[in-house]
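The sequence and structure follow.

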Amino acid sequence: ARVRPPPPPGVEPESRALLTSVNRTLLLIAVVAGLGAVLLILGLSRRILAPVEALTAAVRRMEAGDLSQRVEVASRDEIGELARAFNAMADGLARLEELRRNMVTDVAHELRTPLSNIRGYLEALQDGVVEPERYIIDSLHEEAMLLNHLIDDLQELSLAEAGQLRLERQPVALADIVDRAVEAIRLRAEAKGVTLQVELPEDLLVDVDPQRIGQVLRNLLDNALAHTPQGGEIAIAAHEACPEPS
């Protein structure tokens with residue numbers, strides 16, 4: 001067998017030193033790379049978690065009743081889309097809350113007048129100041145019917161907001177609906193000196209719920225009569241719109 005000659009003197013210590021140096025360099029590179037990866041992960045985590053934490057805090061404050069909460073949209077990624085969606089939801093809730101407050105105020109105002117009138121008449125009858133004559137009973141009945149209509153309107157409004165308001169649509173002549181709505185306010189308009197001008201084609205058919213549309217028209221005419229000065233004119237007109245070109 002052939003015997004390998006021993007390595008020259010001094011070669012093994014140099015190899016060992018080179019190996020040690022390489023190992024140290026590799027270890028240093030690994031440590032630096034690990035620290036860099038940790039810092040990068042921390043930075044990315046902070047970038048992702050900071051908006052999420054801001055959203056969580058805003059949601060909790062909104063849950064407590066503060067609808068003015070908004071978050072800053074700082075990116076165009078999924079987190080930014082989530083922030084924009086949250087701001088849009090907050091705007092919608094704020095508008096709904098404002099509408100609710102306005103509706104409560106309007107309802108309280110509308111209910112206060114007939115209730116005050118009924119209370120005044122009843123107290124006058126109770127104290128013997130007036131006699132239960134026919135005109136007083138008719139007035140009390142009118143105020144009670146007004147309260148009934150207000151309650152019906154509130155119920156219909158709640159059904160409409162819940163998407164449960166049923167519409168019985170059918171082809172009807174618009175002139176018939178408008179004529180009935182106009183006749184309902186004609187006496188009050190004449191007493192105020194307001195002229196009612198109607199310009200409608202007789203053959204104009206519409207696919208609507210006649211009861212609901214009649215109610216809408218009566219409300220519009222009531223508002224118009226209330227805001228038209230004495231001696232003014234209310235014009236009711238309609239025409240068939242030309243279809244848009246496709």
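## Helix α2

In this predicted model, α2 bends by about 25° at Arg-112, the bend at a residue being the angle between axes fitted to the seven residues ending there and the seven starting there; a proline, Pro-114, follows within four residues. The 49 residues of α2 should span 72 Å at 1.5 Å a residue, and its end C-alpha atoms are 70 Å apart, which agrees; the expected span is 1.5 Å times one less than the number of residues.

Pro-114 is also among the buried residues of α2, which include Ile-79, Phe-86, Asn-87 and Ile-118, where buried means under 20% relative accessible area with a 1.4 Å probe, protein chains only. After α2 comes Gly-128, whose phi is positive, near 75°.

## Helix α4

In α4 there is a kink of about 45°, centred on Arg-186. The helix has 19 residues and reaches 26 Å from its first C-alpha to its last, close to the 27 Å expected at 1.5 Å a residue. Its buried residues include Leu-174, Ile-177, Val-178, Ala-181 and Ile-185, and what covers the buried residues of α4 includes β1, β2, β3, α5 and β4. Gly-193, which follows α4, has a positive phi near 75°.

## The chain as a whole

The secondary structure comes to 5 helices and 4 strands, taken as DSSP runs (helices H or I, at least four residues; strands E, at least two) numbered from the N terminus. Of the 246 residues, 18% count as buried. Among contacts (heavy atoms within 4.5 Å) with a separation of 6 or more, residues 24 or more positions apart account for 70%.

Residues are numbered from 1 along each chain as its sequence is written, and side-chain values use heavy atoms, with hydrogens and water left out. Local features need pLDDT of at least 70 and side-chain atom pairs count only at pLDDT 80 or more, whereas totals for chains, interfaces and linings use all residues.

## The largest pocket

About 1,600 Å³ of space lies in the largest pocket, a pocket being an open set of points on a 1 Å grid over the protein atoms alone, where a 1.4 Å probe fits and protein lies on both sides within 12 Å along at least five of seven lines. Of the 33 residues that line this pocket, the closest to its centre are His-149, Leu-150, Asp-153, Asn-219 and Asp-222; lining residues have an atom within 4 Å of a point. The largest share of the lining, 12 residues, comes from α3.

Technical notes: Points joined across faces, edges and corners; volume = space filled by probe spheres on them. Buried < 20%, exposed > 50% of the residue type's maximum accessible area, 1.4 Å probe, protein only.
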